[in-house]
Amino acid sequence: MSSYLGPPTTIRSWLFSTDHKRIGVMFLVATTVMLALGGVLALLLRIEHLTPGPTIMQAATYNRVFTLHGVIMVWLFMIPSIPAAFGNFVLPIMLGARDVAFPRLNLASFWIYVAGSLVTLAGVVASGADTGWTFYVPYAAETFTEVMPILVGVFILGWSTILTGINFIVTTHTLRAEGMRWREVPLFVWALYGTSVIQVLATPVLAMVLLLVAFDHGLGWGFFDPARGGDVVLFQHLFWFYSHPAVYIMILPAMGVVSEVVCTFARKVPLSYVAIAASTFGIAFVGFLTWGHHMFVAGMSIVDAGIFGALSMFVAIFSAIKVFTWVGTLYRGSISFRTPLAYVFVFLFLFVFGGMTGVAVASTSLDVHWHDTYFVVAHFHFIMVGGTLTAWLAALHYWWPKITGRRYAEKWGLVTCTLTFLGFFTTFFPQFLLGNGGMPRRYYLYDETYQALHVLSTAGSWALGSAFAITLVYLAWSLVYGERAEGNPWGSRSYEWLTSSPPPPHNFDGTPVFRHSPYDYHLPPGS
Amino acid sequence: MYAPRLEEHFDELPKQRHAARLGVWIFLASELLLFAGLFALYFGYRLHYPEVFIEGVVHNGRGLGTLNTCLLLLGSVAAAAGVGELRRDRDGRARILFALGTLLALAFLGVKGTEYARHFHEGIAPGGSGAFFAAHREPGWPVFFTLYFAMTGLHAIHVVIGMLLLGAVAVWIGRRRPGRAGAHRAELAALYWHFVDAVWVFLWPMFYLLGGGR
Amino acid sequence: MNELFRRILWLPVQGSTVAGEVDALHYAVITITMIGATGVFAAALYFTWRYRRTDEAALTPPIRAPLLLELAVVGGLLCLFLLFWRVGFQQYLRLQSPPADAIEIYVTGKQWMWKFAYPGGQRTNARLVVPAGRPVKLIMTSRDVIHSFYVPAFRIKQDVLPGRYTTAWFEVVRPGVYPLFCAEYCGTGHSEMEAEVVALSGADWEAWIAGAEEESMAAQGLEVAARRGCLSCHTLDGQRHVGPSFRGLYGGVRQLIDGEAIADEAYLTRSMMEPAAQVVAGYAPVMPTYLGQLDAGEVAALVELIKSLRHPNPPPPGVDYPPIAPAAPTEAAP
């Protein structure tokens with residue numbers, strides 16, 4: 001039986017392939033490289049913080065390193081990580097399609113990603129920007145560092161995201177297998193749909209904002225120059241109008257992965273399919289209305305602050321609905337605790353913990369103390385790393401047999417999952433306390449009273465980094481020596497498991513007609 | 001004889017065409033959001049500096065802006081009519097209409113260029129540089145004109161893209177003589193052009209008409 | 001109890017009058033949400049153990065959540081979160097509302113230091129000296145990029161912007177020294193804008209204030225007004241001239257040609273930078289802009305001059321400038 005992995009196996013056949021599976025794998029490799037790069041930068045930052053004074057780098061370098069860490073992690077890893085890699089691979093198969101709606105556009109999306117990444121990283125070689133990933137004006141307009149390559153690179157990357165979003169939405173509408181009703185569309189597809197809506201609508205606003213900073217910095221146009229009548233707070237409104245929905249681009253696909261893994265490993269129908277699907281769109285919609293909670297102390301009006309705070313509480317409710325549904329799905333399930341589910345447990349703990357601190361920062365008076373301190377840094381790392389990255393690891397271990405046709409050593413999976421959790425918690429929990437204690441973020445030097453917590457956090461980062469490295473090693477090992485996977489090693493009812501692992505080039509032999517819902521574990525198989 | 005190709009991942013041509021149309025509409029939504037940031041900036045600054053913005057609009061005058069609006073709207077009519085003619089298998093007329101649309105787009109760009117030249121001559125340049133701003137010192141003047149250049153400039157880039165699309169369709173009709181089978185592709189190009197038109201219909205009052213009754 | 005929570009959570013001392021109530025909300029929110037999060041996770045763990053797979057072929061029951069239960073959970077959580085928001089917002093309103101009798105101090109943030117100017121004329125760098133037990137209001141602006149004025153012990157923070165004034169206020173509970181940080185990234189020296197708030201007891205504060213021999217800001221403002229030509233069009237004694245008199249100007253409601261405005265510090269500053277935006281009714285729009293010609297210190301000094309003249313006196317007899325009709329602007333004296 002032929003597989004999408006080849007023949008043909010030439011490099012050319014991969015780099016110019018319009019097969020969504022190959023494109024997904026290429027995205028997976030590229031984004032993993034970016035994750036490693038961003039991770040190394042993080043380790044460097046944490047080493048610098050071992051001592052209150054200078055440790056391994058100057059202030060100017062430190063500022064560039066944290067800027068690049070943020071840019072790489074947000075745009076070169078987090079945003080494409082699950083959709084462009086796993087979404088590309090799995091979404092068409094889940095819908096019973098042979099490919100996405102626009103395969104050539106899909107390939108273009110990959111090469112645009114590569115181009116944007118190279119331009120961004122070229123800026124590092126030049127001299128690197130030191131503005132932070134948020135590019136606040138007037139500093140971003142006035143800094144002498146090379147901001148332009150990063151602005152242009154991320155601008156280019158934005159188009160990759162938009163094209164992926166268009167592709168997923170159109171595929172979901174037009175390439176569903178015959179007879180698949182909307183109620184039978186797998187939850188991961190709904191998550192990607194919601195993500196794609198945000199990608200299509202929010203990313204262009206980012207593109208515009210980056211252009212405006214480029215005009216101010218590169219051409220001196222002074223859109224935000226107070227001496228020429230510009231308003232620096234207007235920039236923040238425009239920037240966060242994109243960047244807040246962006247965090248939902250990062251978390252919704254992760255939530256989709258959690259839904260799939262919970263149902264598969266608990267062998268149970270979701271407690272409420274509608275709740276999960278509808279809350280996805282609730283998050284996507286309300287998420288566009290909450291950006292001002294990044295600006296409570298920025299000089300915004302009091303009325304605005306009140307409205308944004310209240311709306312932020314609403315968005316938390318939709319996430320709470322999902323958590324409630326996932327936990328309730330475990331009730332009276334038939335649960336097998338394998339590595340993907342172990343990662344989902346880590347997700348549940350860290351995401352809920354982090355989400356609760358999100359509710360806390362939405363209480364406006366508390367945010368006055370926490371804003372721009374390590375508390376916020378801890379909050380978003382709990383959600384981004386503890387949430388999205390953990391779900392990415394779950395997806396990696398869940399779909400590894402499907403993508404590669406191999407099994408990894410389960411024991412290693414559980415061990416590194418534990419090490420990942422312990423490393424993560426040791427790294428980021430102390431940062432909540434640092435923030436409570438008043439340590440601002442983006443600080444090169446700090447007062448020595450904060451040192452103990454910093455040392456603890458750095459130790460945690462080494463554990464977290466090691467866990468990631470070990471994961472890559474045993475997964476790579478499995479590619480050569482791992483036992484070959486059967487088509488459906490987890491006994492899942494979801495549609496992607498109905499084809500072989502790895503799938504044939506056109507996903508299914510023949511045109512599939514699915515006669516069951518993807519979660520009907522209450523019925524005997526094959527009914 | 002032109003026959004559209006069915007891609008191997010689609011089962012039937014109508015589905016494939018529906019997908020293409022849906023894709024273009026979603027793309028236009030994202031293009032709209034691209035301009036939305038600038039619109040928001042305009043309205044934010046107009047609230048800050050209402051008198052300066054009104055004076056700036058009056059300074060631009062109504063003539064050239066209205067001429068440009070007519071050129072674009074005529075272009076849209078031509079493109080829409082071109083699609084209609086193609087549906088009736090009248091390739092010759094369709095090609096002329098799309099070529100006409102291309103020329104109208106070019107004329108728009110010519111008028112725009114003339115306007116910019118006039119502004120530069122008066123000492124108005126983006127970023128508040130230029131002799132004009134030495135005489136008009138209130139904050140708000142640089143912002144008004146920089147926004148003017150940025151928004152009409154971004155729009156002009158889209159006019160160029162639309163013009164190239166319309167031109168390519170005209171050439172393609174001339175070469176392949178597709179008849180009604182080609183109406184789908186022509187319609188998508190026309191759709192993009194209508195969008196470019198629609199954006200201008202908002203820029204026109206913002207920079208040429210909303211002069212406070214003066 | 002308060003002290004226990006404060007230490008566990010690594011919070012600084014409660015140096016201001018609002019810190020206590022902010023911390024109380026903090027404890028409540030964190031405790032309740034952490035209990036909730038623990039409960040959720042404990043349930044997940046329990047279910048995983050209790051319903052672990054024993055039979056590969058087992059089917060599971062198709063349980064759907066009853067709508068009522070879902071609505072109850074969602075409704076309950078929403079009420080709880082909105083309660084958090086409500087309390088937090090009310091506290092935020094208090095944080096944004098300086099008392100009317102607050103002492104005012106001008107703050108300038110610049111790369112990479114803090115400068116403070118007192119109405120009595122004192123100027124300090126990096127040390128904000130304030131009285132304990134009295135409210136202090138800060139009027140802040142930046143010379144270059146965005147900074148942020150943050151005193152963790154007071155639980156207050158406010159961004160400091162170029163081209164605008166922002167305000168913050170606090171009342172220190174007891175004398176002491178409290179660290180002050182810049183909390184908005186501003187370049188290479190962001191972490192080195194070291195400063196401190198020094199709160200003095202009543203007697204020490206009186207001594208410090210009296211000890212300064214610098215010229216008051218209002219007196220400096222008079223020099224600026226003469227040097228920059230303001231006095232060519234504005235009088236100090238209540239007579240109207242080309243422009244309104246500075247006497248009696250501050251604090252009232254101004255009738256503009258197109259509306260009303262309250263003559264506060266922001267109004268006064270805007271009048272210098274954008275005079276055409278707020279023309280007072282009965283006057284011609286002839287004032288030139290001073291944007292780029294006055295530095296922040298001079299602007300603040302002029303504002304203090306105008307504030308020092310806030311009580312209107314009747315104009316002296318024998319001097320009478322006729323009002324100028326708005327339709328015929330006269331040449332402003334250079």
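Predicted model: local features only at pLDDT ≥ 70, side-chain atom pairs only at ≥ 80, totals over all residues.
1. Residues are numbered from 1 along each chain as its sequence is written, while chains are lettered from A and ligands numbered from 1 in the order in which they are written.

2. Chain B has seven helices and zero strands, where helices (H or I, at least four residues) and strands (E, at least two) are DSSP runs numbered from the N terminus. The C-alpha trace of chain B spans about 65 × 30 × 30 Å along its principal axes. Of the 214 residues in chain B, 42% are buried, that is, with 20 or more other C-beta atoms, placed from the backbone, within 10 Å of their own.

3. Chain A gives 74 residues and chain C 73 residues to their contact, two residues being in contact if their C-beta atoms, placed from the backbone, lie within 7 Å. On the side of chain A that touches chain C, the largest share, 15 residues, comes from α10(A).

4. In chain C, an open sheet of five strands runs in the order β4-β10-β9-β6-β7 with mixed pairing, two strands being paired if DSSP finds at least two bridges between them. Its edge strands, β4 (127-131) and β7 (156-160) of chain C, each pair on one side only.

5. Within chain C, strands β9 (residues 176-182) and β10 (residues 195-200) run antiparallel and are joined by five bridges; P179(C) stands opposite E196(C) in β10(C).

Note on methods: Buried ≥ 20, exposed ≤ 12 C-beta atoms within 10 Å, placed from the backbone.
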